[in-house]
Amino acid sequence: MAGPGQVVVDVRRAGICGTDVELFSEKLAYFAQGRIGYPIRPGHEWCGVVSALGEGVDPGWLGARVTGDTMLGCGHCARCAAGRGHVCEDRREVGIMGWAGGLAEQVLVRVSSLYRLPDAIDDKAGALVEPGGNGWRAASAAQAGPGKRVLVCGPGTIGLLTTAFATAMGAEVHIWALDRGREELAISFGASGYWTADDPPLGTYDAVVDCTDDQRMPAAALARVEPAGRVVYIGIAGVPSLIDSRDVILGDLTVVGILGASAGLAPAIEYYADGRVDPARIVEVTVGLDEAAEALAGKVSTGAGTKVHIDPGR
Ligand SMILES: [Zn+2]
Ligand SMILES: [Zn+2]
């Protein structure tokens with residue numbers, strides 16, 4: 001039942017990411033911080049069709065194809081008033097903290113968190129708007145643009161999408177991976193250079209974006225950035241990952257952390273809709289809800305892609 005200002009969405013597609021795997025294995029930092037506990041229904045990368053409206057919701061939403069923001073601020077504190085609901089102290093996070101997610105046949109969400117999906121965005125891409133929003137934010141924080149060289153660390157979903165957005169913004173993008181396994185995929189997302197642990201990148205870049213969960217990488221990223229450049233941190237390690245702040249000062253660096261996709265959702269939809277970014281190759285394997293537990297346990301192969309999708313209609 002949708003309450004006032006809420007809608008029910010029939011889920012067409014939901015993605016599983018590293019955060020979901022960490023929810024399933026109780027490794028997410030929010031557990032240790034006492035912010036979350038079981039039961040949790042995951043699913044923060046989803047798309048679907050609005051099937052029921054709560055009181056006060058514009059009837060125009062019925063039947064709309066949508067995706068939604070994960071971050072739900074309280075709506076009345078100073079941070080929410082300033083448009084920073086994604087860091088609201090009393091926020092909920094759909095599928096992560098205090099709000100049941102989209103890994104289900106239906107999900108209940110606030111209408112204020114919804115984004116309409118144009119026809120040009122199919123269900124697969126629709127459920128990739130959330131990771132795309134993270135990629136757009138990371139590429140924007142790197143100030144990717146013509147004449148800029150950007151190094152993206154990690155060829156996972158966020159690294160590849162950051163590469164695609166930064167390339168679309170006009171930058172020359174290189175990827176730094178552990179091995180050559182994703183080189184072809186990286187090139188298809190726009191990378192013009194590909195480096196590995198054995199063959200590390202030479203010189204410096206105008207911006208370095210760390211999309212890994214390797215605790216050594218934040219310091220390694222600092223060592224690869226051009227003085228007065230930008231370092232963007234979006235990957236999270238399971239243990240503290242230390243950097244030397246003297247490197248930031250002496251390099252006159254700008255360091256940016258990215259939490260969530262919120263401000264990137266609308267731009268990601270635009271980039272997908274007009275074809276500047278095509279996220280399709282992120283997902284090669286789609287299974288039904290009956291295989292969701294195995295997917296959350298990491299037992300379903302992503303194939304040539306980086307992410308498994310769940311189709312509740314299967
Ligand atoms: Zn995710
Ligand atoms: Zn708030």
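A residue is called buried here if 20 or more other C-beta atoms lie within 10 Å of its own. Keep that in mind as you look at this predicted model, because four of the five residues of strand E10 (residues 172–176) are buried, so E10 is largely enclosed by the rest of the structure.

**Strand E10 and its two partners**

- On one side, E10 pairs with strand E9 (residues 149–153) in the parallel sense, over five bridges.
- To find this pairing in the structure, look for Val150, which stands opposite Val173 in E10.
- How does the chain get from E9 to E10? The chain crosses through helix H6 (residues 157–168), making a right-handed β-α-β crossover.
- E10 is also joined by three bridges to strand E11 (residues 193–195), and these two strands run parallel.
- A right-handed β-α-β unit is formed by E10, helix H7 (residues 183–188) and E11.

**The whole sheet**

- Which strands make up the open sheet, and in what order? There are six, arranged E11-E10-E9-E12-E13-E14, and their pairing is parallel.
- E11 and strand E14 (254–257) are the edge strands, as each pairs on one side only.
- On average, neighbouring strands of this sheet are turned by 20° against each other, with direction ignored.
- Further along the sheet, strand E12 (residues 205–210) and strand E13 (residues 225–233) run parallel and are joined by five bridges.
- Within that pairing, Val208 stands opposite Val231 in E13.
- Helix H6 packs on the sheet, where it touches E9, E10 and E12.
- The direction of H6 makes about 165° with that of E10.
- As a general point for looking at any sheet, side chains in a regular strand alternate between the two faces.

**Two domains**

- Now step back to the chain as a whole: it is divided into domain 1 (6–128 + 279–310) and domain 2 (133–257).
- The C-alpha centres of domain 1 and domain 2 lie 26 Å apart.
- How many residues does each domain bring to the contact? Domain 1 gives nine residues and domain 2 gives eight residues.
- On the side of domain 1 that touches domain 2, you will find four nonpolar, two polar and three charged residues.

Note on methods:
Residues are numbered from 1 along each chain as its sequence is written. Chains are lettered from A and ligands numbered from 1 in the order in which they are written. This is a predicted model: local features need pLDDT of at least 70, side-chain atom pairs count only at pLDDT 80 or more; totals for chains, interfaces and linings use all residues. A residue is buried if 20 or more other C-beta atoms lie within 10 Å of its own, exposed if 12 or fewer, and partly exposed in between; C-beta atoms are placed from the backbone. Two strands pair if DSSP finds at least two bridges between them. A crossover is right-handed if, with the strands pointing away from the viewer, the path from the first strand over the helix to the second runs clockwise. Domain bounds come from an automatic or database domain assignment. Two residues are in contact if their C-beta atoms, placed from the backbone, lie within 7 Å. Ala, Val, Leu, Ile, Met, Phe, Trp, Tyr, Cys and Pro count as nonpolar, Asp, Glu, Lys and Arg as charged, and the others, Gly among them, as polar. Axes are lines fitted to C-alpha atoms, for helices over the stretch in contact, and angles run from 0 to 180 degrees between N-to-C directions.
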